[in-house]
Amino acid sequence: MYSPTRSVAILSLQLAMVLATAARAQQQPTPTAKSSEGGPVPVITGMMSYQSNFSPGTTDINPEFDPILLLPIGEKVLIESEFSMSMSLDRDQGQWGPAVVDHSVEYLQANYIAHPNLTVTIGRFLTPFGIYRERLHPLWIRNLQAEPILFSLNATSCNGAMLRGAAHVTKEVDVTYATYYSAASTVKVMDSDKQIGFRTSILLPSRRIEVGVSYNHTMGDNRHNMLGTDFTWNLQRVPLDVRAEALTSKEVGKSYWLEAAYRLSRLGHSPLLRNTQLVFRQEQYWLPGDPAAALNVINGMGGLPDTGTKRSTIGLNYYLSHGFRFNTAYGGNYATGENSHTWNVGLTYRFAAL
Amino acid sequence: MKRLLVCLSMLTSAACAAQSAENRSHSTIDPDAAYKNNCMRCHTATQQYSTRMTKTIVMHMRVRANLPEDQARAILAYLNGESEPLQTPAKQPAAESSHQGRK
């Protein structure tokens, strides 16, 4: 029986072998000062997290474990994979519900660095739409543990191929790009839609500003188009990071989030201040013009509200030593008939081992 | 098909930009600045690992964060405790580019 996922997996493995062979052939012994230290080695890394959310009448706890394997083959090929395992246990009106365990392959990809400005990726990879999915969604990186509403619209992985890279346009300006094609798959841990798209950005490294544009066309039952833009600015004079992302789609609605994170290091030299970060995020979601017509598409996107919604969240992170981080946040959800407030408290641990 | 063409034209533009960048000579890259300008776009803090593990992690980040090769090399130098600015050559074979260019 034909299985798209199996075909993708077999194709990925075959291409990985070809790429590995090509990379081996390309490597030439070059005398350098660092060559005696050896090449890259396999690394097992990842994170563990324990998060609790408290809202009136409801409590939920969410432990999560995401191991990552990085397997380099020479200095041109990297095979990498992240497996995500999480559990959600809810207590509603005094009664604990069943523990829901979820697991998925976030990515299982082979990357071939074909050129200083081009990397070829095949397999299963995070959809390069905006900045949250690819860069910020890991729990040890995101500033607030609650995902923005917008993330429900593009929290996908692709099974296919991607070309990506970056180049200097001038001394002060870089351009980055990623373009991809994904085949459809219904296998639970490796599901994907048939889709194509790209993201490109202008980066001003010395000013630490990046502005990106993304486009996605999803085919099949959930057919829709999305256009997105993102913005990142890491201020240099003050330890403030500003990030924002917006998305518009005729079929699934519009949304934006804007986040500012301020490190208290300028306020004093005590470890308490140096390791503390304050975060604020504002976001909003608008339903599409014809919600009834878009119902099937929206229902396929878990976590998307069924009415226009505003959210404001303020949080505090404290960076402990050895990869531990304590986080807490308080957020308000404002929607017709669904106003609520939620406390979040949690701990994440980032590890890496040989 | 139209969308595919849009994607392809984007890729072609990027490739042209990459090619033009290949032919351009850059001055020095400060490893400290490369780290701060790139890694701190998303990471608040990074941990220290062995030199060989760091190489692997920088490979991973080179793909994930779309880092140009010279920036990735400078970040690797920074994470391995080398603070001297790196010279980026005007043009060199891709197979050797990851090894050359250090002062």
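Let's start in chain A, where S13(A) and strand S14 (residues 276–286) pair in the antiparallel sense over ten bridges. Strands here are DSSP runs of E with at least two residues, helices are runs of H or I with at least four, and both are numbered from the N terminus; two strands pair if DSSP finds at least two bridges between them. Within this pairing, Ala260(A) has Phe280(A) in S14(A) as its bridge partner. S13(A), residues 253–263, is also joined by ten bridges to S12(A), residues 240–249, and these two strands run antiparallel. There, Arg243(A) stands opposite Glu259(A), and a hairpin of three residues leads from S12(A) to S13(A).

A word on what you are looking at: this is a predicted model, in which local features need pLDDT of at least 70 and side-chain atom pairs count only at pLDDT 80 or more, while totals for chains, interfaces and linings use all residues. Residues are numbered from 1 along each chain as its sequence is written, with chains lettered from A and ligands numbered from 1 in the order in which they are written.

Now over to chain B, which has five helices and two strands, in the order α-β-α-α-α-β-α from the N terminus. Of its 103 residues, 39% count as buried, meaning that 20 or more other C-beta atoms, placed from the backbone, lie within 10 Å of the residue's own.

How confident is the predictor? On the pLDDT scale, its confidence in each residue from 0 to 100, chain B has a mean of 70, and 53% of its residues reach 70 or more. Confidence in chain B is highest in H3(B), residues 51–64, at a mean of 94, and lowest in H5(B), residues 94–97, at 32. The pLDDT is below 50 over residues 19–26 of chain B, and it stays under 50 over residues 89–103 of chain B. The model scores ipTM 0.84 and pTM 0.81.

Technical notes: A residue is buried if 20 or more other C-beta atoms lie within 10 Å of its own, exposed if 12 or fewer, and partly exposed in between; C-beta atoms are placed from the backbone. pLDDT is the predictor's confidence in each residue, from 0 to 100. Two residues are in contact if their C-beta atoms, placed from the backbone, lie within 7 Å.
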